[in-house]
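Here is a short report on one chain. Keep the sequence and the 3D view open while you read.

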Amino acid sequence: MLAAVKTKSGYDNLELLEVDEPKVYGDKVKIEVAFTGICGSDIHTFKGEYNSKNLPVTLGHEFSGVVVEIGEDVKNIKVGDRVTSETTFETCNECIYCKSKDYNLCSSRKGIGTQVNGSMTKFVLSREESCHVIPNNVTLEAASLSEPLACCTHAVMEKTSIKEGDIVLVIGPGPIGLLTSQVAKANGAKVILSGITKDKQRLDLAKEIGIDIVVDTLQEDLAETIFRETKGYGVDKAFDCSGSIVAINSALPLVKKKGDFVQIGLFAEKYNLIDQESIIQRELRYIGCRSQKPSSWKLALDLLKREKIATDKMITKIFNIEDTRKAFETVMAGNEIKVLIKS
Ligand SMILES: [Zn+2]
Ligand SMILES: [Zn+2]
């Protein structure tokens with residue numbers, strides 16, 4: 001079968017190779033892949049900015065498909081089930097994080113599409129515990145967004161919570177920012193989404209899918225908008241989905257005193273100059289947020305089932321597996337929202 005393989009570290013080294021089909025065993029499920037989303041982290045891997053120790057590896061961790069074979073220990077997943085899967089392939093099962101199913105924090109965790117072969121190919125293996133049957137009214141295309149959506153339900157509904165009527169700031173209109181905005185809205189928030197002029201297409205899409213207030217911070221005054229909307233208090237919650245220090249520092253003083261600031265975006269550098277003065281003086285809770293865990297997936301699939309996420313508008317291009325390189329180049333050009341690969 002044809003697979004998109006990162007063959008060695010460094011820039012590019014992404015090759016379409018003929019590889020063997022995986023074999024099921026134990027609690028493993030063999031899935032015929034339908035769609036795989038290209039993630040920002042795949043682009044970092046393409047550029048050689050993430051150093052996987054397990055190369056060569058087939059990329060792809062945001063996927064949907066149909067079960068074609070199950071291992072002898074699989075109990076609940078059946079051949080023919082339409083599924084999506086958590087990226088967790090293996091954990092230690094012993095640490096305190098595994099015991100509470102915080103698999104995103106297990107130090108021995110191995111992930112699909114990073115440490116073990118992923119879904120940018122015809123068949124992928126996952127463990128039964130990581131598989132979720134897709135609700136009947138959710139398409140395979142939409143279900144391939146479950147992984148990024150689960151990262152956002154983790155941020156919005158698990159690392160903090162939203163009360164009806166909360167006013168929320170989301171920084172960065174990329175796929176994660178757009179999904180975070182929709183999760184916050186589904187929980188009753190009024191959402192202000194900020195971006196910059198080069199994000200125009202994404203900001204326009206945000207308006208189209210009903211985000212309440214969309215601000216281009218290079219053209220409009222974000223502080224003025226926020227203080228006008230919040231009677232001068234600031235937003236109840238803010239979510240950074242940009243990893244931009246400039247954006248974060250301009251947002252910290254715009255969060256209400258005692259408010260939450262959730263950091264989802266990754267930084268290019270390990271150490272950064274953050275406005276800690278605002279964190280202290282405003283008594284903010286600055287909350288780290290990493291990936292997703294089983295409970296986040298339940299929340300994500302429930303939102304998809306209840307049609308709270310405009311997945312059709314977010315998926316702007318689909319490429320065949322043979323055109324994987326073109327798909328990566330299209331994502332890097334930055335004009336699409338979510339790009340899928342069809343297996
Ligand atoms: Zn991802
Ligand atoms: Zn563990």
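Strand β15 (residues 255–263) runs parallel to β16, and 4 bridges join the two. Within this pair, D260 stands opposite R285 in β16. The model is predicted.

Both strands belong to an open sheet of 6 strands with parallel pairing. Its order is β13-β12-β11-β14-β15-β16. Each edge strand has a single partner, so one side of each is left without a neighbour in the sheet. The edges are listed here.

| Edge strand | Residues | Partner strands |
|---|---|---|
| β13 | 213–216 | a single one |
| β16 | 285–288 | a single one |

On average, neighbouring strands of this sheet are turned by 20 degrees against each other, direction ignored.

Next, the core. The largest nonpolar core has 90 residues. V168, L169, V170, V235 and A251 touch the most other members. Domain 1 (2–148 + 292–342) and domain 2 (160–288) both give residues to this core, so it lies between them.

Take V170 from that group. Neighbours within four places in sequence aside, V170 contacts G177, T180, S181, A184, V191, L193, F239 and C241.

Now turn to L301. This residue sits in helix α10 (residues 294–305). Is L301 buried or exposed? L301 counts as buried because it has 21 C-beta neighbours inside 10 Å, and the cut-off for buried is 20 or more. Leaving out residues up to four places away in sequence, L301 touches H132, P135 and S146. L301 and V138 are 163 residues apart in sequence, yet their C-alpha atoms are 8.9 Å apart in space.

Note on methods. Residues are numbered from 1 along each chain as its sequence is written. Chains are lettered from A and ligands numbered from 1 in the order in which they are written. This is a predicted model: local features need pLDDT of at least 70, side-chain atom pairs count only at pLDDT 80 or more; totals for chains, interfaces and linings use all residues. A nonpolar core is a set of buried Ala, Val, Leu, Ile, Met, Phe, Trp, Tyr and Cys residues joined through C-beta atoms within 7 Å. A residue is buried if 20 or more other C-beta atoms lie within 10 Å of its own, exposed if 12 or fewer, and partly exposed in between; C-beta atoms are placed from the backbone. Domain bounds come from an automatic or database domain assignment. Two residues are in contact if their C-beta atoms, placed from the backbone, lie within 7 Å. Two strands pair if DSSP finds at least two bridges between them. Axes are lines fitted to C-alpha atoms, for helices over the stretch in contact, and angles run from 0 to 180 degrees between N-to-C directions.
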